[in-house]
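Trainee: I would like to go through this structure with you, one point at a time. Where do we start?

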Amino acid sequence: MSAKYKIENSILELAADDITRQDTEAIVNAANKALSPGGGVSGAIHRAAGPKLWEECRTLGGCRTGEAKLSRGYNLKAKYVIHTVGPVYSGSKSDPEDLSECYKNSLLLASRNKIKSVSFPSISTGVFGYPIKEASIVALKTITGFLKEHPEIELVRIVLFTEGDYGIYKASLDKILKD
Ligand code: ADP
């Protein structure tokens with residue numbers, strides 16, 4: 001299941017799939033502050049990349065909420081992993097600001113490293129408890145806004161782990177593009 005949209009000169013794609021299998025130059029990890037493997041999408045990325053990923057992550061000095069750090073992709077198809085730490089949902093107004101920073105700083109890091117294609121998971125909507133509909137609007141508004149100003153990023157793919165999550169992101173994007 002997938003859908004493609006044109007945002008200025010870039011492509012924004014939604015896909016129901018596993019992020020570890022994506023062939024974009026970079027995939028984004030919904031990491032923790034220690035950049036340790038952990039569970040969820042981070043555990044899956046570390047398993048697929050192999051132990052060298054954690055070896056490199058240990059040298060990166062951790063990651064603050066909203067920040068993004070770059071590593072190689074090792075056994076992944078993607079050459080790079082961009083690690084970012086989403087907010088733990090609290091219901092405060094810093095939640096959408098922090099979540100937006102994750103997407104923006106990941107894309108800025110990609111741009112600075114001449115990475116043209118990036119796959120994102122749905123950051124913070126697993127263990128970190130962010131309601132997915134609200135999170136999808138923050139994610140999609142940030143990404144579409146960024147692409148309008150950064151044509152050097154050619155493709156952003158948001159990879160949703162379930163068809164239910166895919167449907168929520170698709171409804172949000174259709175609404176944002178209509179408004
Ligand atoms: P967070 O701690 O930021 O909430 P999680 O890993 O718990 O991160 O969940 C983030 C999202 O990633 C959830 O929507 C979860 O369903 C999804 N997810 C888990 N594994 C994968 C995977 N292999 N590919 C894509 N998405 C995944």
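Mentor: With a cut-off: a residue counts as buried under 20% relative accessible area, as exposed over 50%, and as partly exposed in between. Keep in mind that the model is predicted.

Trainee: Is Tyr89 buried, exposed or partly exposed?
Mentor: Its relative accessible area is 30%.

Trainee: How many aromatic pairs does a search of the whole structure find?
Mentor: One is formed by Tyr89 and Tyr130, with 4.8 Å from centre to centre and 55° between the planes, a tilted arrangement. Tyr89 sits in the loop between strand 5 and helix 3, and Tyr130 in the loop between strand 6 and helix 4, 41 residues apart. The rings of Tyr103 and Phe120 also pair. The search of the whole structure gives a count of two.

Trainee: Why is the pair of Tyr103 and Phe120 called tilted?
Mentor: Planes under 30 degrees apart would count as stacked and over 60 as edge-to-face. Tyr103 belongs to helix 3 and Phe120 to strand 6, and both residues are buried. Their ring centres are 4.9 Å apart, and the pair is tilted because the planes stand at 45°.

Trainee: Which backbone nitrogen does the side chain of Ser117 reach?
Mentor: Ser117 is in strand 6 and is buried, at 13% relative accessible area. Among the residues it touches are Thr24, Ala26 and Leu155. At 2.9 Å, its side chain reaches the backbone nitrogen of Glu25.

Trainee: Why do the buried residues of helix 1 line one face of the helix?
Mentor: The buried residues in helix 1 are Ser42, Gly43, Ile45, His46 and Ala49. Looking down the axis, they line one face because they fall within an arc of 165°.

Trainee: Which exposed residues does the face of helix 1 turned away from its buried side carry?
Mentor: The buried residues of helix 1 are covered by elements including strand 3, helix 2 and strand 5. The face turned away from that buried side carries Gly40 and Arg47.

Trainee: How much of the accessible area of the ligand does the protein cover?
Mentor: Asp18, Val41, Ser124, Gly126 and Val127 come nearest among the 14 residues around the ligand. The side chain of Asp18 places an N or O atom 3.0 Å from a ligand nitrogen, and a backbone N or O atom of Val41 is 2.8 Å from a ligand oxygen. Of the 570 Å² that the ligand has on its own, the protein covers 88%.

Key:
Residues numbered from 1 in each chain as written. Predicted model: local features only at pLDDT ≥ 70, side-chain atom pairs only at ≥ 80, totals over all residues. Heavy atoms only, no water. Helix = DSSP H or I, 4+ residues; strand = E, 2+ residues; numbered from the N terminus. Buried < 20%, exposed > 50% of the residue type's maximum accessible area, 1.4 Å probe, protein only. Polar contact = N/O pair within 3.5 Å; in protein donor to acceptor, adjacent residues only side chain to side chain. Contact = heavy atoms within 4.5 Å. Arc of directions from axis to C-beta. Near = heavy atom within 4 Å. Areas by Shrake-Rupley, 256 points an atom, 1.4 Å probe, with all protein chains shown as cover. Phe/Tyr/Trp six-rings, centres within 6.5 Å; stacked < 30°, edge-to-face > 60°. Lists of a residue's contacts leave out its neighbours within four places in sequence.
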